[in-house]
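Please keep the sequence and the model in view while reading.

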Amino acid sequence: MQYVSTRGSAPALDFEGVTLAGLASDGGLYVPAEWPRFSQSEIRDMRGLAYPDLAARIMAPFVTPSLTEDELLALCHTVYGDFGHAAVTPLVQLDQQHWLLELFHGPTLAFKDVALQLLGRLFETFLERRGERLTIVGATSGDTGSAAIQAVAGLERVEIFILHPSGRVSDVQRRQMTTVLSPNVHNLAIDGSFDDAQAHVKRMFNDGDVTATLNLGAVNSINWARLMAQVVYYFASALQLGAPDRTVAYSVPTGNFGDVFAGYVAAKMGLPIEKLIVATNINDILHRALSSGDYSAGGVTATITPSMDIQVSSNFERLLFDAGGRDGLAMAAQMHAFEATKAMTLTNAQAQGASALFTSARADQVETARALQWAYRSAGQVIDPHTGVGLHCAQAVAASVPAGVPIVTLATAHPAKFPDAVERAIGVRPSLPARVGDLFGREESFIELAGDYATTRDHVLSHAASTSAG
Ligand SMILES: Cc1ncc(COP(=O)(O)O)c(C=O)c1O
Ligand SMILES: N[C@@H](CCOP(=O)(O)O)C(=O)O
């Protein structure tokens with residue numbers, strides 16, 4: 001499989017190349033040159049496969065020739081054999097129409113582990129093969145950071161710098177990052193929002209002073225390998241609910257548009273998805289873009305769903321590129337204008353291409369708390385607030401989903417990551433699973449930085465070991 005940039009002028013790369021490159025050199029995001037497609041009978045044959053075997057089957061077309069099928073299968077067994085639930089991503093029924101897909105059984109209790117545990121192994125494999133080292137720079141609103149750190153801590157060929165918005169992640173989220181005291185891990189708390197952190201990261205990939213000395217890598221969902229691994233759980237859940245002989249709808253708590261874009265990829269690969277519900281909190285740029293074509297970013301408001309306090313959603317560019325006819329140079333012009341003005345109107349082709357599969361809704365804090373209460377009182381489930389946004393939106397659009405089509409809400413984090421918000425909503429304080437250990441008894445280490453780009457860049461340059469020479 002070859003991968004092309006959404007902005008049309010970076011070189012096409014194979015899977016190994018895109019995994020190590022992260023962001024394309026023209027500032028765009030890599031996508032497969034074409035979508036691999038499974039027939040209905042091939043999908044039917046996947047029923048009953050164990051998660052690691054299914055994962056290898058789904059991802060195989062994306063990774064050849066960089067990995068053999070045997071190498072991929074071995075990686076999947078190593079990674080997914082270690083999750084806290086035998087099904088890896090179990091489904092839980094809430095009522096006749098609604099289901100939860102629990103994605104938080106990995107080591108850091110959020111859906112990010114499903115992809116980042118694999119990505120850590122891919123880095124190791126490819127860097128060993130090339131005899132290279134990688135400096136990872138990543139931005140987090142709380143969950144990517146800990147999952148990435150957990151995946152690469154202690155790896156010899158990797159060093160990681162994670163930027164989080166100071167004071168805007170939960171205590172559990174912060175401690176999951178800052179108590180990993182491995183010498184290859186650097187935590188930076190920046191004075192700003194997640195969007196500021198993400199902008200710094202993207203800018204570093206196109207800063208000659210940085211790329212002259214550092215071989216940069218990405219762990220955010222700008223890295224294609226992240227999304228590829230997230231496609232698998234759409235197949236796993238839909239197969240359990242009767243696919244390909246029955247369609248399924250998904251409600252996806254959305255911030256950076258990575259998880260829901262993985263659902264779009266699953267549909268492109270032949271999985272019969274009825275609808276993808278883009279569920280946002282009050283930072284609702286995506287809801288506005290999908291419902292009215294207006295993609296304009298304002299300031300970010302802090303909410304009880306901090307991981308989704310995002311206004312500039314990286315992966316929306318992948319959708320606009322694909323749905324809009326894959327014109328890279330037009331996409332580059334559209335994105336450059338957006339970067340300058342923070343506003344964009346979708347073209348007719350983009351809006352129509354998106355509306356075929358996507359719908360959207362938003363949940364404010366009261367609606368989110370009510371969703372937590374409904375899940376607890378009516379279905380006996382303690383859910384996290386991000387999942388609550390998804391569930392509220394699933395219920396809000398349920399009447400427009402054909403009868404008999406199950407609606408699966410992605411449960412993106414364990415409730416114990418956000419104990420204060422959960423306790424306020426339902427009066428029950430969820431406790432951390434034993435596998436997280438003594439999080440609040442450990443020493444923390446992180447550096448506070450001013451919010452400007454130069455401060456972050458200079459800190460990374462002066463603390464990273466030079467990697468560009470290999
Ligand atoms: C718990 C949780 N839910 C939902 C999201 C949103 O996912 P995405 O950024 O892929 O849209 C995030 C952050 O990415 C998250 O950490
Ligand atoms: N919510 C995310 C934000 C970064 O998203 P990513 O999927 O692009 O890594 C987080 O938890 O950091």
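Strands β5 (residues 134-139) and β8 pair in the parallel sense over 2 bridges; two strands pair if DSSP finds at least two bridges between them. I136 has G217 of β8 as its bridge partner. Helices (H or I, at least four residues) and strands (E, at least two) are DSSP runs, numbered from the N terminus.

This is a predicted model, in which local features need pLDDT of at least 70, side-chain atom pairs count only at pLDDT 80 or more, and totals for chains, interfaces and linings use all residues. Residues are numbered from 1 along each chain as its sequence is written, and chains are lettered from A and ligands numbered from 1 in the order in which they are written.

The open sheet has 5 strands in the order β8-β5-β6-β7-β15, with parallel pairing. Its edge strands, β8 (216-217) and β15 (447-449), each pair on one side only.

| Helix | Lies across | Angle |
|---|---|---|
| α6 | β5, β6 (158-165), β7 (185-190) | about 165 degrees to β6 |
| α19 (residues 453-463) | β5, β6, β7, β15 | about 165 degrees to β7 |

Axes are lines fitted to C-alpha atoms, for helices over the stretch in contact (C-beta atoms, placed from the backbone, within 7 Å). Angles run from 0 to 180 degrees between N-to-C directions.

Helix α6 (residues 143-152) also gives the most to the shell around ligand 2, with 3 residues. Of the 13 residues around ligand 2 (C-beta atom, placed from the backbone, within 6 Å), T140, D143, T144, N220 and S221 come nearest.

Methods. Contact = placed C-beta atoms within 7 Å.
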